[in-house]
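Trainee: I want every label tied to its cut-off. Can we go through them one by one?

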Amino acid sequence: MPHIEIKAFPRELTDEQETALAIVLTEVLEQHMQSKESAVSIALKYIPQAEWKASVWDTQIAPEMDDLIKKPGYKM
């Protein structure tokens, strides 16, 4: 039951772009984790840039750096 939660600065994606993103991510999970399409859930949450450090970096990225399978190329 993979669940992906994407946090990003606000973007103006159309419904079609969001759907395309969900399809591609689902296909990746199907291929690499042998997940079924019906088992995948994906959330897209927009975090204002001014709130990123306190609400994402300090609480989710920095403390979990050793567990990340893709580390960011920036530091705060």
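Predicted model: local features only at pLDDT ≥ 70, side-chain atom pairs only at ≥ 80, totals over all residues.

Trainee: What makes the pattern of this chain β-α-β-α?
Mentor: The order of the elements along the sequence. The chain has two helices and two strands. Both kinds are DSSP runs, numbered from the N terminus: helices are H or I with at least four residues, strands are E with at least two. Residues are numbered from 1 along each chain as its sequence is written, and side-chain values use heavy atoms, with hydrogens and water left out.

Trainee: How do you know that strand 1 and strand 2 pair?
Mentor: Count the bridges. Pairing needs at least two DSSP bridges between the strands. Strand 1 (residues 3–8) and strand 2 (residues 41–46) have six, so they pair. They run parallel. His3 has Ser41 as its bridge partner, and Lys7 stands opposite Lys45.

Trainee: Why is the contact of Glu5 with Lys7 called a salt bridge?
Mentor: The rule wants a side-chain nitrogen of Lys or Arg within 4 Å of a carboxyl oxygen of Asp or Glu. The closest N and O atoms of Glu5 and Lys7 are 3.0 Å apart, so the pair qualifies. Glu5 also forms a salt bridge with Lys45, at 3.1 Å. That pair links distant parts of the chain, 40 residues apart: Glu5 is in strand 1, Lys45 in strand 2.

Trainee: How many salt bridges does a search of the whole structure find?
Mentor: Three. One of them joins Lys53 and Asp58, with closest N and O atoms 3.0 Å apart. Shared partners join Glu5, Lys7 and Lys45 into one network.

Trainee: Are Glu5 and Lys45 buried, partly exposed or exposed?
Mentor: Partly exposed. Buried is under 20% relative accessible area, exposed is over 50%, and partly exposed lies in between (1.4 Å probe, protein chains only). Glu5 is at 37%. Lys45 is at 39%. Lys53, at 39%, is partly exposed too, as is Asp58 at 38%.

Trainee: Why is His32 called exposed?
Mentor: Its relative accessibility is 56%, and the threshold is over 50%, so the label holds. His32 lies in helix 1. Asp67, in the segment after helix 2, is exposed at 64%. Over the chain, buried residues make up 16% of the 76 residues.

Trainee: What makes Gln34 a case to check?
Mentor: Its phi is near 55°, a positive value in a residue other than glycine. Most residues other than glycine have a negative phi. Gln34 sits in the loop between helix 1 and strand 2 and is exposed, at 64%.

Trainee: What makes a space count as a pocket rather than a cavity?
Mentor: On a 1 Å grid over the protein atoms alone, a cavity is a set of points where a 1.4 Å probe fits but cannot get out; a pocket is an open set with protein on both sides within 12 Å along at least five of seven lines. The largest pocket has a volume of about 710 Å³. That volume is the space filled by probe spheres set on grid points joined across faces, edges and corners.

Trainee: Which residues come closest to the centre of the largest pocket?
Mentor: Glu5, Lys7, Ile61, Leu68 and Lys70, out of 17 lining residues. A lining residue has an atom within 4 Å of a point. Strand 1 and helix 2 (52–61) each supply at least two residues.

Trainee: How does the lining divide by residue class?
Mentor: Into 10 nonpolar, one polar and six charged residues. Ala, Val, Leu, Ile, Met, Phe, Trp, Tyr, Cys and Pro count as nonpolar; Asp, Glu, Lys and Arg as charged; the others, Gly among them, as polar. Glu5 is among those closest to the pocket centre and, as a Glu, counts as charged.
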